[in-house]
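Subject: Handover of a structure for your study

Dear colleague,

Please find below the structure that I am passing on to you. I would ask you to look through it once before reading the notes that follow.

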Amino acid sequence: MSGSMNQFTNDEYVLAYHGPLLYEARIILAENWDENNTLLGTVGPHYFIHYKGWKTTWDEWVPEQRLLKLNEAGFAKRRALLDAQAKKNRPPSVAGSSTASPAPAATAKGKEKGGKKNDSKKRARESAVDTEAAFLNRPEVKIVIPEVLKLQLVDDWENVTKNNQLVTLPRKPNVRELLEEYRNYVNNTKKGQDKGPRATALLSEIISGITLYFDKALGNNLLYRFERAQYVEQKRQNPEKAMSEIYGAEHLLRLFVNFGPFIAYTNIDTESLNILREYINDIMKWMIKEQKKLFVKEYEATTTHYQNMSRT
């Protein structure tokens, strides 16, 4: 699937599933994710979208199966979902009325037009229903943040949003170095030594997946507004560097807070999801042990010029 053509393009307006309903959205970025992230189920076309009329904090990466073309068929699907949701929320006496009766007649009319083309449309609709059902039945993904790291997050939020301070960049260790240190920690412990090559390969895949998610999520999901000017400057100064080579533990922790929603609607199976969650929990436990080393002790003050620029 990673070599398939994307059905949608940058700046295209689409309909996107969010929960049980469809909403208008604009594609900001279209990418074809490769096999480097197979554990997270992210192979294939993915799109970073902005929901029309929503705050940018809701912008997110979605797989192709969560999008529909912005056309009459898409609007018909949206109306059907709205009707179904309204019916679901009605009292039983109302929901049991005859409002659903036109469906058989519509089906019969479609059959009169008949032929293979109609059968193909029927199969497409059935496939869409299967995709929708799978989407709606995805398990909720919860990443529990330890209390110690919650306090770290609160301090981080206050420093940036209240005190107008920034994490000094580039960080040492950065995200890639931090995760490499965690890999060495696991491999050098009794727990790591008791496991074979398969476990070592799995750990490498987990670390690669987290790093990839960090690089893709940072600019759009992990920054406070006050940090955006700093981010733009870092991109200008380091055009060839990934953000995981510039940012550190502070922003990696923000990723873990948002990780549940990020992966809830990927194609990851339950077993892989549990493994991933276990590793993230273990990484956070290790981060607590190494807290003084990994997290910056003091945030840097900013100039009045920077503060004014960040508010515009």
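Which residues does leucine 203 touch, not counting residues up to four places away in sequence? To answer this, please begin with the place of leucine 203, which is in helix 8. The residues that leucine 203 touches, once those up to four places away are set aside, are Tyr182, Arg183, Val186, Asn187 and Tyr279. Leucine 203 counts as buried because its relative accessibility is 3%, where buried means under 20%. Asparagine 187 is 16 residues away from leucine 203 along the chain, and the C-alpha atoms of the two are separated by 9.5 Å.

The model and its confidence

Please keep in mind that this is a predicted model. The chain has 312 residues, and 39% of them are buried. Its secondary structure consists of 13 helices and 7 strands. Among contacts between residues at least 6 apart in sequence, 74% join residues at least 24 apart.

The average pLDDT of the chain is 80, and 74% of the residues score at least 70. Confidence is highest in strand 6 (residues 165–166), with a mean of 97, and lowest in helix 2 (residues 92–95), with a mean of 44. Two stretches call for caution. Over residues 93–112 pLDDT stays under 50, and the model has 7 contacts beyond four places in sequence for them. Where pLDDT is low, the predicted coordinates should not be read in detail.

The nonpolar cores

The largest nonpolar core has 52 residues. Ile210, Phe214, Tyr247, Leu252, Phe256, Phe259 and Met287 have the most contacts inside this core. Two or more residues come from each of helix 5 (147–162), helix 6 (175–188), helix 8 (197–221), helix 10 (249–263) and helix 11 (270–289). Helix 8 gives the most, with 9 residues. The core lies between domain 1 (12–86) and domain 2 (138–311), because both of these domains give residues to it.

Apart from its neighbours within four places in sequence, methionine 287 is in contact with Ala249, Leu252, Phe256, Leu294 and Phe295. There is also a second, separate core of 10 residues, which includes Ala25, Ile49, Tyr51 and Val62.

How the helices pack

Helix 11 packs against helix 6 at an angle of about 95°, and the two axes are 11 Å apart. Helix 6 is therefore roughly perpendicular to helix 11, since angles of 65 to 115 degrees are counted in that way. On the side of helix 6, the residues that meet helix 11 are Leu178, Leu179, Glu181, Tyr182, Tyr185 and Val186. Their partners in helix 11 are Tyr279, Asp282, Ile283, Trp286 and Lys289.

Helix 8 and helix 11 cross at roughly 75°, and their axes come within 11 Å. These two helices are therefore also roughly perpendicular to each other. Here Ala199, Leu202, Leu203, Ile206 and Ile210 in helix 8 meet Ile275, Leu276, Tyr279, Ile280 and Ile283 in helix 11.

A buried aspartate

Is aspartate 156 buried or exposed? With a relative accessibility of 3%, aspartate 156 counts as buried. Aspartate 156 is found in helix 5. Leaving aside neighbours within four places in sequence, its contacts are Val167, Tyr224, Glu250, Arg254 and Tyr299.

Details of the backbone

Most residues other than glycine have a negative phi, and most peptide bonds are trans. Some places in this chain depart from that pattern. The peptide bond from leucine 169 to proline 170 is cis, with omega near -5°. The bond from lysine 172 to proline 173 is cis as well, with omega near 0°. Proline 170 is in the loop between strand 6 and helix 6, and proline 173 is also in the loop between strand 6 and helix 6.

Positive phi values occur at aspartate 11, near 70°, and at asparagine 164, near 55°. Aspartate 11 is found in the segment before strand 1 (13–18). Asparagine 164 lies in the loop between helix 5 and strand 6, and counts as buried at 18% relative accessibility.

Yours sincerely,
A colleague

Key. Residues numbered from 1 in each chain as written. Predicted model: local features only at pLDDT ≥ 70, side-chain atom pairs only at ≥ 80, totals over all residues. Heavy atoms only, no water. Core = buried A, V, L, I, M, F, W, Y, C linked by side-chain atoms within 4.5 Å. Buried < 20%, exposed > 50% of the residue type's maximum accessible area, 1.4 Å probe, protein only. Helix = DSSP H or I, 4+ residues; strand = E, 2+ residues; numbered from the N terminus. Domains from an automatic or database assignment. Contact = heavy atoms within 4.5 Å. pLDDT = per-residue confidence, 0-100. Axes fitted to C-alpha atoms, helices over the stretch in contact; angles between N-to-C directions. Parallel < 35°, antiparallel > 145°, perpendicular 65-115°, else oblique.
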